[in-house]
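Here is a short report on a single protein chain. Keep the sequence and the model open while you read.

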Amino acid sequence: AGILNTAEIGSKEALSNEYRHCIEHESCISPLDYFLRRSGKMYFDIEAVQQELELCLKFFAKELNWDNTTVDIERKNVLDSIERHNLVSIKKASIN
């Protein structure tokens, strides 16, 4: 982990604020819901999903009082979705 620079801290704070807004004002119930329906990152920026997944899981777990089993299930849901979306991208690329 190490020491975070100012940009990383700001970025984590911004993401946390975004997650909080989605939970409180958009009835977002899971990281997958956030990545698919609220931010669109699953469709347009899978790398961002992979980079922020653990931060997102940690935030949702704290806010929604999840246990470790729920966190593991939610992680698997997002990872499975990443795999499905990556396969769609590969198929589209191979057609062209």
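The report goes from the overall fold to the core, and then to single residues.

**Basis**

This is a predicted model: local features need pLDDT of at least 70, side-chain atom pairs count only at pLDDT 80 or more, and totals for chains, interfaces and linings use all residues. Residues are numbered from 1 along each chain as its sequence is written, and side-chain values use heavy atoms, with hydrogens and water left out.

**Overall fold**

The chain has five helices and zero strands. Helices (H or I, at least four residues) and strands (E, at least two) are DSSP runs, numbered from the N terminus. From that end, the elements run α-α-α-α-α.

Of the 96 residues, 34% count as buried. Buried means under 20% relative accessible area, exposed means over 50%, and partly exposed lies in between (1.4 Å probe, protein chains only). The chain exposes about 6,600 Å², and carbon and sulfur atoms supply 53% of that area. Accessible areas come from the Shrake-Rupley method with a 1.4 Å probe; for residues, only the protein chains shown count as cover.

Contact means heavy atoms within 4.5 Å. Among contacts in the chain with a separation of 6 or more, 56% join residues 24 or more positions apart.

**The nonpolar core**

In soluble globular proteins, nonpolar side chains tend to be buried together. A nonpolar core here is a set of buried Ala, Val, Leu, Ile, Met, Phe, Trp, Tyr and Cys residues joined through side-chain atoms within 4.5 Å. Which residues touch the most other members of the largest nonpolar core? They are Tyr19, Tyr34, Phe35, Met42, Phe60 and Val78, out of 22 residues in that core. Helices H1, H2, H4 (46-64) and H5 (68-95) each give two or more residues to this core. H4 supplies the largest share, eight residues.

Tyr19 is in contact with Tyr34, Glu52, Leu55, Cys56, Phe59 and Phe60, leaving aside neighbours within four places in sequence.

The structure also holds six aromatic pairs. Rings of Phe, Tyr and Trp (its six-membered ring) pair if their centres lie within 6.5 Å; planes under 30 degrees apart count as stacked, over 60 as edge-to-face and the rest as tilted. Tyr34 and Phe35 form an edge-to-face pair, because their ring centres are 5.1 Å apart and their planes stand at 65°. Both residues are buried. Ring pairs link Tyr19, Tyr34, Phe35, Phe59, Phe60 and Trp66 into a cluster.

H2 is largely enclosed by the rest of the structure, because six of its eight residues are buried. They are Pro31, Leu32, Asp33, Tyr34, Phe35 and Leu36. H2 is followed by Gly40, whose phi is positive, near 75°.

H4 bends by about 55° at Glu52. The bend at a residue is the angle between axes fitted to the seven residues ending there and the seven starting there. Glu52 is one of the buried residues of H4, which also include Ile46, Cys56 and Phe60. Just after H4, Asn65 takes a positive phi of about 55°.

The table gives the relative accessible area of each.

| Residue | Relative accessible area |
|---|---|
| Ser30 | 10% |
| Val71 | 13% |
| Ser16 | 17% |
| His85 | 19% |

Ser30 sits in the loop between helix H1 (6-25) and helix H2 (31-38). The side chain of Ser30 reaches the backbone nitrogen of Asp33 at 3.0 Å. A polar contact is a pair of N or O atoms within 3.5 Å; within protein, one must be able to donate a hydrogen and the other to accept it, and residues adjacent in sequence count only if both atoms are side-chain atoms. Ser30 also touches Phe60, Trp66 and Glu74, not counting residues up to four places away in sequence.

His85 lies in helix H5. A polar atom of the His85 side chain lies 2.8 Å from the backbone oxygen of Ser81. Beyond four places in sequence, His85 is in contact with Leu36, Met42, Tyr43 and Ile46.

Val71 is in helix H5. Leaving aside neighbours within four places in sequence, Val71 is in contact with Leu57, Ala61 and Trp66.

Ser16 belongs to helix H1. Ser16 and Lys58 are 42 residues apart in sequence and 9.9 Å apart in space, C-alpha to C-alpha.
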